[in-house]
Amino acid sequence: MSTNIPKAELHCHIEGAAPTDLVQEQALKYGVDIDHLIEGKRFVWNDFTSFLTAYDAAAALFRSQEDYALLAERYLESIARQGAIYSEIFISPDHARLAGLEPQAYVDGLGEGIRRATQKHGIEGRMIITCVRHFSPDAAIDVARFAAGRPHPLVTGFGMGGDERIGSHADFARAFDIARDAGLGITTHAGEIVGPESVLDALDHVRPSRIGHGVRAIEDRAVVERLVRDGIVLEVCPGSNVSLAVYDSLENHPFPALREAGVQVTLNSDDPPFFDTSLGEEYETAQKIFGLSDQELRDITRTALKSAFVDEDTRAALLAKL
Ligand code: ADE
Ligand code: ZN
């Protein structure tokens, strides 16, 4: 229904975007038993901790440059069919290394997948290199140094995912400084599993222009006001939040309240097959459950493009498509 609305996605973890059938193909290719990982057409997990474990297990089945090219190509193709004109994918050199692939080959593979999708479908893509919070601050510094070396022209941002319940953003300030000094855009996960204090922690220590999720800011009016005042854009992922039981239903999701408070919000799928969602479905939800009009959906896309980590010529060309 909303296919004809141009869409943009700022928050999708590429390893978490692998559909179960592709993961099954990979398991067959490498002779790995994944009975514990997939049941029917679903990934097996039941809370945030077991989700992160399942995510790592799926990621471990992508092992070559071409595996990642195929993954990126298929994902971008799928959202281009849903009307996406722009996509930023979160990528994790730590996961590639765990799967036995050097970070440069990983980035080159993903870059090739993006190139193929752009050529076939016109969708524009960029990569945000992420460190993993529950690995370690030292590992994060290594990842930031790699990102700061600008390993591919489509790498334009740096961020952090992983278990928000561990440590503080202060532990990762050095990694973010390295990335920021190299001119990369900065985003980080906060206010997803942990409350508004986590959003403040991120703002105070790593100065992001965007926050992944950030939705639990709604629990503290002062934090919401700070997001508005500082013009911080939230990468909101409603389907993910309901799947991970941050909220019990889409009807009780704070997307409308954040928007009404003047926070700049965007729509994203996070790890679509894990959460039984897609970018298109998130836009549908915004229309059907949150009551946004077609024009308001276009405004969401405009917010995403304005805060995208992309050069100004590309931004202008994308905005012209709205
Ligand atoms: N990595 C992949 N998905 C994530 C999420 N929803 N939160 C934190 N880290 C993640
Ligand atoms: Zn995420």
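Student: Which residue follows α9, and is its phi positive or negative?
Tutor: The residue after α9 is G231, and its phi is positive, near 65°. Here a helix is a DSSP run of H or I with at least four residues, a strand is a run of E with at least two, and both are numbered from the N terminus. Please note that this is a predicted model, in which local features need pLDDT of at least 70 and side-chain atom pairs count only at pLDDT 80 or more, while totals for chains, interfaces and linings use all residues. Residues are numbered from 1 along each chain as its sequence is written, chains are lettered from A and ligands numbered from 1 in the order in which they are written, and side-chain values use heavy atoms, with hydrogens and water left out.

Student: What lies at the start of α9?
Tutor: There, a side-chain oxygen of D220 comes to within 2.9 Å of the backbone nitrogen of A222.

Student: How do you know on which side of α9 its buried residues lie?
Tutor: In this helix, residues 221-230, the buried residues are V223, V224, R226 and L227. They span an arc of only 160° around the axis, so they are on the same side of α9; the arc is that of the directions from the helix axis to the C-beta atoms. R221 and R229 are exposed on the other side of α9. The buried residues pack against α8, β8, β9 and α11.

Student: What makes residues three or four places apart in an α-helix point the same way?
Tutor: An α-helix has 3.6 residues a turn, so residues at that spacing point the same way.

Student: Which residues of α14 are buried?
Tutor: They are T314, R315 and L318, in a helix formed by residues 312-320. Their arc around the axis is only 100°, which puts them on the same side of α14. The face turned away from that side carries the exposed residues E312, D313 and A320. The buried residues of α14 pack against β4, β5 and α13.

Student: How much space lies in the largest cavity, and which residues lie nearest its centre?
Tutor: The largest cavity contains about 220 Å³ of space. Its lining has 20 residues, and H13, L52, Y55, G161 and G162 lie nearest the centre. α2 gives the most to this lining, with five residues.

Student: What is the volume of the largest pocket?
Tutor: Its volume is about 490 Å³. Of its 25 lining residues, P19, P272, P273, F274 and T277 are the closest to its centre. The largest share of the lining, five residues, comes from α3.

Definitions and conventions:
Buried means under 20% relative accessible area, exposed over 50%, partly exposed in between (1.4 Å probe, protein chains only). Contact means heavy atoms within 4.5 Å. A polar contact is a pair of N or O atoms within 3.5 Å; within protein, one must be able to donate a hydrogen and the other to accept it, and residues adjacent in sequence count only if both atoms are side-chain atoms. On a 1 Å grid over the protein atoms alone, a cavity is a set of points where a 1.4 Å probe fits but cannot get out, and a pocket is an open set with protein on both sides within 12 Å along at least five of seven lines; lining residues have an atom within 4 Å of a point. Grid points are joined across faces, edges and corners, and a volume is the space filled by probe spheres set on the points.
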